[in-house]
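Hi,

Have a look at it first, then read on.

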Amino acid sequence: MISQSNDTVLNCNVNLNHCDHPLSSQKISPADLSSDALFTFGAEYPADLDYRVELSRRIALTFEDADQIIIFDDIAIQILGSDSSCFANLRGYDRSLLPALWLSTGFRSGGRILVYAPPNPVELRLYLKMKVVIEKYLQREVHIEILYENSSGCLYELIRLFQDNPQRYTILCEEFAQRCPKEFYPEYHIYMLKRHFETITKNTRRSFVFPYHMTEWHQLQLENYSDRLLLPDIPKNDKAEHHFLLKSNGFTALPQMIAVSVDGTLIEDYDGYIENVEQLDPAKTKNTSKNIEIFARAIIQAIDNLYSKHRVASFVKLDSSGAGGWSSMAPNDHPVMYDFDKAQKERVSYLQKHIEQTLEGELTLPEMAVVEEFIEPQKRSGDIDADYTVCGFVLEGKFFPTSISLCGTIGGMYIEQWTSSFPVDIKDSSVYWKQMFQTYSDMVALEATKLGYKNGIYAGDLFVMKDNQHKQRDWNIRRGGRSSPESLTIFGIPNYETRVTLQMSDFGLDGTMDNIELFRIYTKICERLSQDYGMYILSSAYGYCGKDNDKGDILKFNILVHPKFLTYIDQHGQSHMLPKNKHPYLISAGLAGFLWGPLSDRFGRKIILLVTFILFLAFTIVCALARTIAVLLVFRSLQGAVICASFVVGQSAVVDIYPPEKIGFAMGLFLVPLLVGPIIGPFIGGILSSVFGWRSTFIALGIMTITATLMIFFFVPETHPHLVFQRLSRKLPKNSDDKNTKAAFNVRETDIIMKPRFIPPWRSLIFLFDMTLIPHIALCNSNFSILFLLFTVMSNRLTEKPYLLSPFSIGLCYIPTGIGSLTGSICGGWVSDWSAKRFPRAIEGRLIFNLIGSFLCPFGLLLCGWSFHFNLHLAGPLIGSTLFCFGETFMFTSTSAFATIKKPTMAGTILALISSIGFLSSGIGIIVIIPLFKILKFGYLFSILAAIIFLLICISGMVIIFQIRKSNLTTTHSNILKTTPSSHALIDQSKDIIPIQLF
């Protein structure tokens with residue numbers, strides 16, 4: 001079956017996989033299926049909405065036909081009893097909203113969600129949109145309430161408040177942003193339920209309570225309400241217990257394992273495990289040096305035994321209970337303890353010190369560790385390990401699937417995951433999925449009686465080996481059926497989940513904003529991510545917690561994004577999934593790129609250039625010394641995040657220095673190095689790599705960066721007009737009748753008007769609604785995106801028949817396009833300035849002749865595309881691509897100059913907007929358009945692109961004509977300059993005083 005998945009939450013529909021089943025002559029009704037048949041159905045269609053609704057109904061029936069579900073995410077309970085600093089950063093962690101969408105459908109009275117903080121308005125708006133989608137399909141209301149208690153103990157129903165009075169809801173959010181982190185405590189949700197019990201259970205007879213992880217503490221706290229509240233069974237997450245129980249019953253999908261008791265006993269079977277648990281001396285669990293040494297020595301012995309008996313490498317988890325990554329000790333991170341060539345004493349000493357440091361301040365040690373076989377799984381697309389999380393529900397001892405996810409881990413710690421309703425969306429096979437679900441069904445059937453776990457959620461981590469055998473690695477029974485990624489799949493949306501943290505200190509903003517300002521920034525970024533990329537921001541209460549971190553202000557995002565935004569294009573123009581360790585840094589680098597322009601408008605050009613060049617140098621040094629590909633990828637991404645400032649801030653400096661009549665040509669000259677770099681860079685880098693090795697390219701880059709930084713420090717002045725004026729006025733006498741001095745004080749009076757301030761990046765988005773700007777920006781960035789596409793596909797096409805060029809010959813083919821770009825940039829700038837003099841009444845006058853020149857772009861696309869299509873002589877595509885490159889830079893230069901003259905006080909901000917949109921649209925355009933080449937071929941697709949560019953040129957032309965005609969009915973631009981001080985007029989005025997100190 002072909003995946004018909006949706007792209008984003010903005011255009012989602014319900015997932016009804018079974019309706020397209022080739023063997024189905026009519027719609028299947030899961031409600032008519034037996035338990036065994038429902039499992040079979042769920043194993044094939046785990047994200048099908050009809051299946052999820054029926055599963056929810058059976059959950060309600062299992063728990064005495066409960067009227068409603070009460071769901072909350074009390075993850076801090078897992079560290080109950082610890083110091084409050086351990087869980088303060090969890091107060092924004094809430095993933096209950098999305099699961100409640102489908103879990104509430106099977107309960108007569110729906111569901112109530114208890115939250116510590118009101119969800120961000122952006123998340124709540126998207127959430128309600130998806131709720132409406134479900135209700136339209138079911139043709140009935142799904143009753144859901146989100147309940148929040150403010151600091152006065154008043155209970156709010158947030159959905160109703162948001163729908164009735166969005167402004168009041170925002171005020172409520174900002175009020176919460178001012179609450180102290182110390183108000184958060186692990187027991188909050190349960191105590192909230194007890195405080196408002198009658199309100200939360202209103203109009204219901206029985207309620208099913210669904211916490212993050214059911215514990216004995218929950219059972220104890222709610223035992224007085226047992227006539228009204230029903231709870232799931234208490235799960236057991238002890239890895240050793242599960243492993244040995246299953247092994248004793250003939251279950252084979254398990255790695256080799258030895259459990260290590262804290263008293264030094266090595267355990268290899270279920271009877272030995274039970275005996276040790278029952279007879280363990282509590283004194284052995286005390287956190288003392290002697291006990292740690294016994295524990296460490298036994299673990300090292302288990303590593304040796306596992307190798308001698310089974311000839312397998314080991315992986316140690318210091319705590320058998322739970323799936324927490326803190327206790328994982330991966331061989332790559334701790335090679336000493338796995339090195340058989342080292343003395344046992346040295347290995348034991350290393351492990352002993354690690355345990356002492358890890359458990360410092362804890363009163364007790366873990367009762368049991370596990371030493372298991374180090375698993376080397378298959379690889380999936382994008383160099384992802386075949387490490388799966390299998391999730392579902394257990395009802396009356398029967399397993400019902402809900403999802404399978406691919407997980408990304410580092411050193412045993414979870415960092416990301418990919419989830420989909422279709423195996424094909426994560427490059428998987430439906431056969432694999434059915435086999436994994438069957439493995440879990442068999443496992444649950446064995447455990448239900450022995451462990452007494454018959455009703456609740458169920459999940460674990462499963463490896464698929466190179467021989468296609470399964471190896472059950474961990475049990476994480478708190479996640480199944482209630483995670484946000486698997487809930488999003490009911491809308492047919494595959495998704496990638498990760499967490500991104502922006503340190504405000506990286507942008508020089510640490511401590512400059514209060515929590516309300518941080519919340520507003522967070523909201524705007526969420527709005528941008530959701531509107532432009534269809535991302536879903538879950539746990540959005542993080543937006544209130546910007547000041548919780550001891551290391552400085554942060555913005556933390558928990559993101560679900562469609563995997564199509566996480567791909568790269570190889571040298572043959574083929575789209576591939578990015579390696580798992582590159583995804584988070586792609587997102588964080590994209591977020592960072594929007595800040596440099598506004599920061600330069602606030603703090604000045606020179607300081608931002610110096611800071612970013614120093615950061616770039618530091619990242620380059622790390623790249624040169626990198627020992628792993630992960631480190632290299634991380635810091636290469638960080639290089640991109642900071643060096644983009646040179647493009648944006650450099651153009652802003654050009655705007656500061658040159659008057660409007662010269663800015664076009666100056667901008668053209670500025671772009672020359674940026675156009676030369678991509679042409680000669682690969683050539684020089686290739687020579688260095690082949691002669692001295694790949695690290696030499698970073699060494700050379702570091703030397704050039706040091707040189708550029710010193711040149712900026714000593715020779716490049718601060719050009720921001722306000723800072724220039726400040727410097728001038730400080731050097732003038734306060735009392736003087738001199739005409740020049742008075743003129744200087746006129747400059748000083750502009751301080752209030754032109755005082756720089758930080759303009760949040762999203763404020764620049766208002767320019768997208770300015771119809772005098774957006775047509776020209778759209779044309780400019782469309783050409784820019786197609787330029788990247790052209791370079792991407794040319795290298796692939798020239799290796800095919802009839803051209804069959806070598807890599808060196810292909811490199812030579814880029815010389816004409818480089819020449820076209822260079823000449824287009826310089827000529828475009830000069831023509832722009834000349835045109836501005838010819839049509840002085842309107843700023844748009846400088847675009848007229850450049851717009852005419854941009855007609856070369858669609859002509860060049862047609863020539864290049866059809867030459868490739870009909871396999872014509874190489875001269876055809878080379879001439880076509882050269883004409884396109886000339887036309888693209890011919891227009892790009894004038895557009896940049898036009899935009900900065902139109903908005904001179906926000907030059908950095910608007911240039912950042914143009915650059916960011918250009919690069920983002922280029923990446924997205926490549927991802928979207930590359931696959932179309934297989935369908936439409938070169939000629940037809942390039943014709944479509946040429947038609948789009950032609951249409952944009954026409955629209956841009958109409959706007960220019962309208963603005964010029966409009967200017968004839970108003971005061972001319974020259975008269976406006978006579979009555980309104982501008983930065984350039986003020987600079988000209990001050991030149992008569994101290995011209996040498998301007999720059």
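This is a predicted model: local features need pLDDT of at least 70, side-chain atom pairs count only at pLDDT 80 or more; totals for chains, interfaces and linings use all residues.

Glu362 sits in the loop between α14 (344-358) and β11 (368-373). Lys286 is 76 residues away from Glu362 in sequence, yet their C-alphas are 9.0 Å apart in space.

Now the sheet. β11 belongs to an open sheet of 5 strands, in the order β8-β7-β11-β9-β10, and the pairing is antiparallel. The edges are β8 (266-267) and β10 (328-329); each has a single partner strand, so one side of each has no neighbour in the sheet. β7 (residues 257-261) and β8 run antiparallel and are joined by 2 bridges. Ala259 has Ile267 in β8 as its bridge partner.

On to the salt bridges, of which the structure holds 29. Here are some I picked out:

- Glu149 and Arg195 form a salt bridge, with their closest N and O atoms 2.7 Å apart. Glu149 is in strand β3 (residues 144-149) and Arg195 in helix α7 (residues 188-195), so the pair ties together parts that are 46 residues apart in sequence. Glu149 is buried at 6% relative accessible area, whereas Arg195 is partly exposed at 42%.
- Arg160 meets Glu157 through their side chains (3.7 Å, N to O). Here Arg160 is partly exposed, at 47%, and Glu157 is buried, at 11%.
- Glu346 pairs with Lys342 at 3.9 Å, N to O. Glu346 is partly exposed, with 40% relative accessible area, and Lys342 is partly exposed too, with 30%.
- A network of salt bridges links Lys239, Lys317, Glu372, Asp387, Asp461, Arg473 and Asp474.

Gln221, in helix α9 (residues 216-221), is buried, since its relative accessible area is 18% and the cut-off is under 20%. Its side chain makes a polar contact with the side chain of Lys194 at 2.8 Å. Leaving out residues up to four places away in sequence, Gln221 touches Ile190, Tyr191 and Lys194.

Last one: helix α15 (residues 430-451). Its 22 residues span 31 Å from first C-alpha to last, close to the expected 32 Å. Buried residues in α15 include Trp433, Phe437, Tyr440 and Leu451. Just after α15, Gly452 takes a positive phi of about 70 degrees.

Cheers

Definitions and conventions
Residues are numbered from 1 along each chain as its sequence is written. Side-chain values use heavy atoms; hydrogens and water are left out. Two strands pair if DSSP finds at least two bridges between them. Helices (H or I, at least four residues) and strands (E, at least two) are DSSP runs, numbered from the N terminus. The expected span of a helix is 1.5 Å times one less than its number of residues. Buried means under 20% relative accessible area, exposed over 50%, partly exposed in between (1.4 Å probe, protein chains only). A polar contact is a pair of N or O atoms within 3.5 Å; within protein, one must be able to donate a hydrogen and the other to accept it, and residues adjacent in sequence count only if both atoms are side-chain atoms. Contact means heavy atoms within 4.5 Å. A salt bridge is a side-chain nitrogen of Lys or Arg within 4 Å of a carboxyl oxygen of Asp or Glu.
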